[in-house]
Each structure stands twice: as structure tokens, then as C-alpha cells.
Amino acid sequence: MSDKKQILVIGAGAIGGGVAPFLARVAGVGVFDVNKAHVEAINAGGLKVSGASESVNRIPAHTDPAELARYQFDGVMVSVKGMFTRAALEGVKPHLKGSPVMFTIQNGLGNVEILEEMGDWPILHGITLEGGRFVGPGEIHHMVHGEESWVGPARGEFEAVRWFGDLISESGIATRVVPDASGAIWSKFIFNSTLNPIGALVRGVPEAMYQCDEIYQLVDDMMAEGTKVAAAQEIDLLFDPMHMIRDLRAGKAPPLKHAGSMSYDIAEGRATEIEFLTGYMVRKAESLGVDIPITETVYRLLVGTEFGVRVRQQQKQS
């Protein structure tokens, strides 16, 4: 009987599909995904990763949640997009044994609240700067690797959940486990809730966000509003969310490789995570009495853009 930790990765896309092969070096790993073609390809030829890391990984993949009942998982990494978190957990939860540590490094905020509602399990949350893209069935392009991840407990004792973060670090993804990860989470949240919608609005051209004067100023102003929301909660940010954009504009950092996942979603006609990113920021600011008019405007523009894409698709199908 193996003494390795057993980990389930829910969602084998850009992030889950990139992290699962690392975890498989140090743990028993299985993945669950509703994309049947993706699951069939993984089971037939392995999960193929290219780019910042290169590997072909024989990892058991499942699309039927009932198949998970044969396993005893110590931890569950939730890596679906925010709007699918509840549905994914509703399908999987009846087949999970015990009370595994639930772990989320999903984009945006609001996922922890869903996990808290759905079970009394310990919860680990945090950020990763790993970046990837789903290429096609069985294939992930690993775009960014090496920056330190930060994780900490959202519910449960620190010592009860820290093993999961330590395991990720041992796997080759440098990870710092801390008692309170809110400063790291909000630093990245401000960054993502700004750049994702703006990246989509500038048609997925990352250079526009730091080389175009008007858009650069928009990014700066919007991140300043997000910083006000964090300050209203007495959250000390781990890093200045604007520092990367300033470095890019000054030529001190290599060019961005992409303009955020939301730009891909809009280009390919998929639903975006806007409500777990900029929408969450707008609602949080309203609850705190913080005025963020620029963020509200960008939020409305992205919601309208997504609506327009959906209408156009319906017209093409009719």
C-alpha cells in the first residue's frame, strides 16, 4: 500500500492540466473533467504538456464522477472556472470519502464561499503565477513557470492544511505556505480583475496594455481603485499590482505572452469569469462604501461585450 498522498484535480484545463503532472511526481493523482474528448485523449495517450515544461503523463482521468468512489483522496484541487465551481462540486461531492482538504487557486474571488457552503472540509486557498492554455484534447501549453506561489488556510488549522502546499512545492512548483495568504491573493486579484477585462477589450493584444498611453493610464487608475478596496479591508498587499506593468512599459521585463484568459474566452465565444473577477470587485466595493467608477465602467463594458458575442453566436446558429 503506497503511503503517497492521493490528490484529485477537478478541471484538467490550463491550470489543473499544468499542475497535475507536477503533483504526479510526488503523489498519486487523478483528474476529473467534463470534457469527454479531453479525458479520452488523456487515458489513451497521456496528458501532454509543452512549453515551459515538457512531459507526457499517464494520469487516470475520469468524466463520470461515480468512478471517483473507488478512491480515497487526501486532497482535492479545484481548478475549474469560477462559474462552474458549484456544479463541479455537486457532481463530485457524493463520491468523495472522508473530509479531504479542498484547495483552490482559481482566478478571482468567491470560490471559497462556494466551497464553504458545500461541505465542512478544511480549505486551502492562494495564488499561483503559473500560466497555461488548453490547446486541445489531451494537450496543455505551459506558458509561465517559476514564480513563487502563496497559499494559506481559508478554513481549518494551519498545520492541518500546510502539507498540501508543501507537497506542491516538493513537486517543483515553488510554494510558500503562510497562515494568512490574503495579501498575496488580493495583490493578484487586483491585477487579474484589471488586466483580464482590459485584455479582452483590446482584442487580446497584450502590448496595448502598457505601450498605448491611454490604456496604460486606464490600467493604472483601475488598479489604484482595487488597492483602495483592499485598504478598506485592512489588507496589506504582498506586492504592488501595478509593478509588472510599469516594468513592461520601461522595458525592464520581457513582453507579456498573452493578455489573460478572458481574451481567449471572448475570442472563442465562451463565457468568462467576469463575475468572479471585476464583478466581485464592484460588489465588494459597494458593500464597503468605496467608490470605484472606472472599475464599474470596465466591468459593464466587458459584460456588454460578452452579451454581444453570445447574441452573435445565436444569430449564426439560427
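In this predicted model, the axes of helix H11 (residues 278-288) and helix H12 come within 9 Å and cross at roughly 140°. Here axes are lines fitted to C-alpha atoms, for helices over the stretch in contact, and angles run from 0 to 180 degrees between N-to-C directions. Helices (H or I, at least four residues) and strands (E, at least two) are DSSP runs, numbered from the N terminus. The angle makes H11 oblique to H12; angles under 35 degrees count as roughly parallel, over 145 as roughly antiparallel, 65 to 115 as roughly perpendicular and the rest as oblique. The crossing of H11 and H12 is left-handed, a term used if the near helix is turned anticlockwise from the far one by less than a right angle, with right-handed used if clockwise. On the H11 side, the contact (heavy atoms within 4.5 Å) is made by Thr278, Gly279, Met281 and Val282, and on the H12 side by Thr295, Glu296 and Tyr299. These residues divide into 3 nonpolar, 3 polar and 1 charged. In this grouping Ala, Val, Leu, Ile, Met, Phe, Trp, Tyr, Cys and Pro count as nonpolar, Asp, Glu, Lys and Arg as charged, and the others, Gly among them, as polar.

Residues are numbered from 1 along each chain as its sequence is written, and side-chain values use heavy atoms, with hydrogens and water left out. As the model is predicted, local features need pLDDT of at least 70 and side-chain atom pairs count only at pLDDT 80 or more, while totals for chains, interfaces and linings use all residues.

H11 also has a buried side, where buried means under 20% relative accessible area, exposed over 50% and partly exposed in between (1.4 Å probe, protein chains only). The buried residues of H11 are Thr278, Gly279, Tyr280, Met281, Val282 and Ala285, and they pack against H4, H6, H8 and H12. After H11 comes Gly289, which has a positive phi near 75°.

The axes of H8 (residues 213-232) and H12 (residues 293-317) come within 8 Å and cross at roughly 115°, so H8 and H12 are roughly perpendicular to each other. H8 passes H12 in a left-handed crossing. In this contact, Leu218, Asp221, Met222 and Glu225 of H8 meet Pro293, Ile294, Thr295 and Val298 of H12. By class, the contact has 5 nonpolar, 1 polar and 2 charged residues.

Another partner is H6, whose axis comes within 10 Å of that of H12, with a crossing angle of roughly 50°. H6 and H12 are therefore oblique to each other, and H6 passes H12 in a left-handed crossing. Pro197, Ile198, Ala200 and Leu201 in H6 meet Val298, Leu301, Leu302 and Thr305 in H12. The contact of H6 with H12 is made up of 7 nonpolar residues, 1 polar and no charged.

Arg203, in the loop between H6 (182-201) and helix H7 (208-211), has a positive phi of about 65° although it is not a glycine. Arg203 is exposed, with a relative accessible area of 75%. Glu234 lies in the loop between H8 and helix H9 (243-249), and has a positive phi of about 60°, again without being a glycine. Glu234 is exposed too, at a relative accessible area of 72%.

With 5% relative accessibility, Trp121 counts as buried. Leaving aside neighbours within four places in sequence, Trp121 is in contact with Leu89, Lys93, Leu96, Ser99, Pro100, Met102, Leu115 and Arg155. The C-alpha atoms of Trp121 and Gly45 are separated by 34 Å, and the two residues are 76 apart along the chain.

Finally, the chain can be viewed as a whole. The protein chain has 12 helices and 12 strands. Its radius of gyration, taken over C-alpha atoms, is 19 Å, close to the 20 Å that the globule rule gives for 318 residues, so the chain is as compact as a globular protein of that length. The globule rule is 2.2 Å times the number of residues to the power 0.38. The C-alpha atoms fill a box of roughly 60 × 50 × 35 Å, taken along the principal axes. Of the 318 residues, 50% count as buried. Among contacts between residues at least 6 apart in sequence, 69% join residues at least 24 apart.
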